[in-house]
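This report describes strand pairing and the surroundings of a ligand. The sequence and structure are shown first.

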Amino acid sequence: MKRFLRAGLMAAMLLLLGGCALAGPALQKKTGTAMGTVVQLCVYTTSPKEDVTESLFGQVRSLEEDLLSRRIEGSQVWAVNALAGSGTRAELTGRLGEIVSFGLQLGQDSGGAFDIALGPLVELWDIDSWAQGDNTGVFALPSREDVAEALAHCGSGQVEFQAASGGNPPRILLERGAALDLGAVGKGAALDELLAALEADISVTGAVLSLGGSVLTYGEKPDGTPWRVGVADPRNPSESLGTLALEGQWCVSTSGDYERYVEADGVRYHHILDPATGYPADSGLSSVTVVCRDGLASDGLSTACFVLGREKGWKLAEAYGAEALFVEKDGTIAMTPGMEALFERASSQ
Ligand code: FAD
Ligand code: MG
C-alpha cells in the first residue's frame, strides 16, 4: 500500500515538475533602494508562489544594516569605527572578516591605490551625500590642510587585523581617528551572498541582479540567449558604449567619474579618491568595467583599476584573472583580450 502511495506521489510530483517545465519558469522582479543605490532584482523561478526577490532584497538590507554600513548605528563597521583609538579589538562576525581581509590584500596588491581605511577622507569630501542631494548649502572644496589631516588617518597602517585562527573570530583594531569605508566593495560582497542564496534554491533557473554599478548574472534565460549587460558611456550615461554578452554566472562592476560627483567652479569632483593625493583620482580614465566570477573582486578591482589608470590597472586585473574595459577621458576604449570576446560595441560607436 505504502509503495503505491509513494509511486502515486512520485507520479504527481513528476506531473507537477513536468507542468512547470512546460509552462517555463516565471519571472519575478523587484526594484528598491539599499546601500545608497538602486537595487534591481530579476529572477526566473519554477516556484512562482514564493517571493524569491523579496527575500534576496531582505538579504541586501540586512547586510547593509548589520554588517557593512558606516552610516548606520549598530552595524559592525559602525561599531569598529566607534572603537577606533580605544585600544579594544573588535570581533568581526559573518563574512566581514573575509571582506576586510580581501580589502587589505587588494590594498597591498594595488600599491595603496585601493584603501578600505579611507573613511576620514571619504567623510571629509562627502561626495556621495552631495551627489545625492542629501546635503544643504553649497559644496565647498576642502582645504589642503584638511585633506592632509584626513589622509594622515587613512591607510592600512591605521589597521591592525588578525585573521580567524584556532576557533577565534577575526579581530580588528583601528588607530584613533581612523575609519573603515567599504563603499567600494560592499555591493560586490552582497552579490556573492545573493549568489549563494540562488545556488541554494533549486527553483531558480536564472537571474540578473543589479546593485548600482555591480551586476550578477546567473543560470540561463528561458530563451537560451546570453544575459546582456550594458556598459554606459561615461560622457552620456543614458547611452551605452556596448553590451557584454554573458553566459551563466558572472559579476560585472563599473567604477566611473560619472556615477557620483559635484561640480564647483566648472571642475568635476567625483567620489573615487586617490589615496596618494587625497583628491579625486585623475588617472586619465572616465570608467573601468571589470568582469570576473567573484563579486567582491569585480567591485574592488573596478575601483582599484580606476585609481591606478589603464596600464597598472590592466596588470592588476590580469593578476586577479579578471577581464577589464577601460574608457579614457577622450573616449578611447581599451580592453583585455578576454573582454574583447564578451563585448559588443553599440552600432552608434
Ligand atoms: P566604487 O568605485 O565601487 O566605490 C566608490 C566608493 O568607495 C566611494 O564612494 C567611497 O566610499 C569608496 N572609495 C573612494 N575611493 C576609494 C579608494 N581609493 N579605495 C577604496 N574605496 C574608495 N551612499 C549614500 O549616499 N548613502 C548611503 O546611505 C549609503 N550607504 C551605503 C551602504 C553600504 C553598505 C555601501 C556598500 C555603500 C553605501 N553608499 C551610500 C555608497 C554608495 O552606494 C556609493 O556611491 C557606492 O558604494 C559607490 O559605488 P560605485 O560602484 O559608484 O563606486
Ligand atoms: Mg567598487
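## Strand pairing

Strand E9 (residues 236-246) pairs with strand E16 (residues 343-345) in the antiparallel sense, over three bridges. Thr 243 stands opposite Glu 344 in E16. Strands are DSSP runs of E with at least two residues, and helices are runs of H or I with at least four, numbered from the N terminus; two strands pair if DSSP finds at least two bridges between them.

E9 also runs antiparallel to strand E8 (residues 227-233), to which seven bridges join it. A hairpin of two residues connects E8 to E9, and Val 229 has Leu 244 in E9 as its bridge partner.

## Basis of the model

This is a predicted model, in which local features need pLDDT of at least 70 and side-chain atom pairs count only at pLDDT 80 or more, while totals for chains, interfaces and linings use all residues. Residues are numbered from 1 along each chain as its sequence is written, chains are lettered from A and ligands numbered from 1 in the order written, and side-chain values use heavy atoms, without hydrogens and water.

## Ligand 1

Around ligand 1 there are 30 residues (a heavy atom within 4 Å), and Met 35, Asp 128, Gly 183, Ser 255 and Thr 303 come nearest. Helix H9 (295-308) gives the most to this shell, with three residues.

An oxygen atom of ligand 1 is 2.7 Å from an N or O atom in the side chain of Thr 303. For Arg 71, a side-chain N or O atom is 3.2 Å from a nitrogen atom of ligand 1.

Key
A polar contact is a pair of N or O atoms within 3.5 Å; within protein, one must be able to donate a hydrogen and the other to accept it, and residues adjacent in sequence count only if both atoms are side-chain atoms.
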